[in-house]
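Here are my notes for you, as numbered points. Have the structure open while you read.

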Amino acid sequence: MSGVRHIHLFVCLTLFGLMSGCVTAPVAPLTERNHGYGQSEDEQKLIRRANQFETELLAKGLVLDDDTVTTYVQRVGQELVPTVTDGAVAIRFHVLRDPLVNAFALPNGGIYLNVGLLARLENEAQLAHVIGHEIAHVVQRHGLQQHHSRKATIIAAHIADVALFGTSIAYLPALGALASYSQEAESESDRLAIGYMVSAGYSLQGAEQLFKLLQEVNQRESIWGSVYSSHPDNAQRASETRSILAGRYSNVGSGRINARDYQQIRERIVLENLRLKLNIHQYALAVKAAEHDLALAPASPWLHYYRGEAYRLMAEDPSGAAREYAWIQDEKLNDELVERYRQLRTVHLDKARQSYRQGLSQDRNFAMAHRGLGLVAYAEGDGQTASNELNQYLNLGREIHDRRYINNILGRIHP
Amino acid sequence: MNRQYRRYMQWCAALLALLLASGCAMTTMREHPDFAAQKRQVKNIAVLPTDVEYLLLVLTGDNERLTDEERNVKTTMAEALPGLLEQRGYQVRKTSAEELATIVKDANFTIEQAKSAYNEVSKQLYERGMVEEEEAKKFRVSIGPVGAAVAEALKADAFLFTRYSGFKKSEGLIAKEIVSSAMLGALTGVVVVPAPAGGSMEMALIDGYSGDVLWTNRGGGQVAATAIATNLLVKLPATGTVAQMEKANAQAKAAVAAENEKRAAASTSSDGTP
């Protein structure tokens with residue numbers, strides 16, 4: 001193609017792009033009769049991409065395969081879907097094996113709740129607000145509105161930056177293009193979520209409690225700008241929600257909170273959350289999460305174990321621990337910081353050992369505690385203790401997934 | 001700037017730095033010291049399916065995944081990688097995503113966890129960009145036990161995973177870049193021709209017993225994915241008879257170089273005149 005023709009093409013495309021950005025048709029929610037879902041080329045493209053995205057999540061094994069948890073979430077979700085939608089979109093609910101505090105809705109009706117977020121919630125009413133908020137994004141077709149305003153592109157690029165530095169969840173850039181919304185859209189979803197909760201009989205205390213909880217979420221534990229972080233805009237959202245509750249819904253009676261059912265689901269999720277955090281070297285965040293849960297369930301040997309693992313890995317990976325610290329505190333990573341963590345090696349190994357022993361005190365046959373104690377001893381150069389503990393682990397454990405790894409260590413102790 | 005394109009540009013910048021600093025041998029490779037010193041015996045390697053992302057970059061920024069291209073790259077890489085590893089003397093345990101799913105519990109997720117763990121240690125490995133060759137053999141990082149279950153099920157000493165990010169630009173974007181380059185060229189007298197397509201690749205060889213990262217390399221260019229893979233794997237330390245042959249060749253070359261130096265010195269007279 002000649003240079004002149006390139007210039008003509010560029011000018012035409014720029015003008016077209018500018019014009020098409022100005023002329024956008026209004027987007028009708030799914031609650032309206034002739035909503036036209038899936039009829040525009042833009043929306044078909046979004047649906048296609050959302051389908052591709054979901055296929056990839058499944059192929060990577062990122063969707064939690066736990067019938068009890070999934071059935072529970074689907075039950076709560078279906079109670080909240082407004083009955084006026086004509087079935088044009090199948091709204092579906094899934095749990096994602098991701099420790100970030102986040103949830104998202106795709107333009108094709110897929111709604112995903114991260115394990116990291118579910119581990120933070122305390123009762124079903126809070127969950128209902130989260131799910132209601134995401135349902136509203138689908139019903140109001142915020143994905144298509146956003147596509148028109150092109151904000152998603154900028155956010156996708158920004159989220160890609162966050163993804164490179166903050167977390168290794170590889171799907172984030174694609175998510176940014178499909179499920180990032182304006183402040184207006186988020187506020188609208190909050191309002192509609194409250195309406196869905198009232199219709200389904202949930203206590204609106206859930207909404208207030210949720211915002212309080214989210215204020216405690218470090219921005220690094222979520223995605224930049226996410227409504228599920230302590231982003232500054234969220235304080236305003238909380239204030240708007242309080243106004244709505246005090247105004248339109250001030251006479252609504254108490255609804256159900258259902259903390260007990262939720263706690264049973266949560267127990268299944270918190271351990272997965274801790275494991276996922278440790279895998280991506282979020283050691284300090286794992287300690288924080290484990291201690292939060294230990295305050296609620298001090299007799300759980302598994303929580304003691306994962307806290308121990310977090311300390312042990314901090315000791316064995318001072319670079320990783322320093323990197324996490326710098327990322328959380330938004331400081332520069334430097335050799336001094338890494339050296340500081342190296343100096344803390346003995347302290348961290350001691351804390352790890354204490355945690356494993358606390359786990360063992362709750363259950364004398366808890367094999368994982370022996371694994372932890374063995375690895376601490378190995379790290380300290382105590383081959384005899386390491387060998388005894390690791391052999392105990394191999395003998396007591398029912399399903400050993402890392403037998404080869406452990407045998408490799410035993411082989412190094414006794415070559 | 002799109003993530004793919006940015007990686008590609010980073011790789012180009014790194015290559016430029018290499019050319020400029022070619023007085024010191026710099027490398028994108030990283031090697032565990034035990035592997036470099038041949039203290040780890042790796043005979044057979046399981047090759048995991050390549051992760052591929054291929055984008056069409058467009059003027060509006062609304063980039064599109066090209067799934068057909070992605071499938072093609074995955075297929076060509078699955079065909080090429082075993083041969084390239086065998087050329088380095090390794091036995092290869094080929095596998096597919098379908099086979100993995102039947103022999104490893106929760107295989108897809110386990111592999112994703114291994115990749116996530118590798119992404120974290122990769123930040124440590126590459127925070128200084130290119131390093132001198134001797135420095136490159138001093139990196140001790142591990143992804144822990146997460147990958148051992150996969151390697152054990154496949155009866156392999158180590159596994160190789162590869163990720164490739166490719167892109168090609170739409171005509172509109174190319175037109176825009178040509179206009180920008182021309183305008184900049186008019187001002188500066190230098191015209192840079194923007195690349196219409198390209199890709200970058202990273203490979204990692206992980207010890208299937210300890211989770212140690214034995215070897216990694218990354219690179220890119222305006223060439224096919226298999227060509228990039230060939231360039232990266234030629235730097236993987238060879239084993240077995242291939243290693244012996246390479247050692248013999250290197251010794252022969254060194255002997256010839258030493259002989260030539262001796263002759264050059266001898267042909268100079270004692271007062272320094274030729």
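1. Start with helix 14 (residues 301-316) of chain A and helix 17 (residues 345-362) of chain A: they pack at an angle of about 165°, with their axes 8 Å apart. Helices here are DSSP runs of H or I with at least four residues, and strands are runs of E with at least two, numbered from the N terminus. The axes are lines fitted to C-alpha atoms, for helices over the stretch in contact, and angles run from 0 to 180 degrees between N-to-C directions. Helix 14 of chain A and helix 17 of chain A are therefore roughly antiparallel (under 35 degrees counts as roughly parallel, over 145 as roughly antiparallel, 65 to 115 as roughly perpendicular, and the rest as oblique).

2. A word on the ground rules. This is a predicted model, where local features need pLDDT of at least 70, side-chain atom pairs count only at pLDDT 80 or more, and totals for chains, interfaces and linings use all residues. Residues are numbered from 1 along each chain as its sequence is written, chains are lettered from A and ligands numbered from 1 in the order in which they are written, and side-chain values use heavy atoms, leaving out hydrogens and water.

3. Ala, Val, Leu, Ile, Met, Phe, Trp, Tyr, Cys and Pro count as nonpolar, Asp, Glu, Lys and Arg as charged, and the others, Gly among them, as polar.

4. Next, helix 15 (residues 318-329) of chain A packs with helix 16 (residues 335-343) of chain A at about 125°, axes 8 Å apart. That pair is therefore oblique, and the crossing of helix 15 and helix 16 of chain A is right-handed.

5. Now look at helix 5 (residues 124-139) of chain A and helix 9 (residues 183-200) of chain A, packed at about 125° with axes 7 Å apart. That angle makes helix 5 of chain A oblique to helix 9 of chain A, and the crossing is right-handed. By class, their contact has 11 nonpolar, five polar and two charged residues.

6. Finally, zoom out. Chain A is divided into domain 1 (37-246) and domain 2 (271-413), with bounds from an automatic or database domain assignment. Their C-alpha centres lie 33 Å apart. Together these domains of chain A bury about 1300 Å², 55% of it on carbon and sulfur atoms (buried area is the accessible area, with a 1.4 Å probe, that two parts lose on being put together, summed over both). Which three residues supply 45% of the area that domain 1 of chain A buries against domain 2 of chain A? They are A:Pro99, A:Arg220 and A:Glu221.

Key: A crossing is left-handed if the near helix is turned anticlockwise from the far one by less than a right angle, and right-handed if clockwise.
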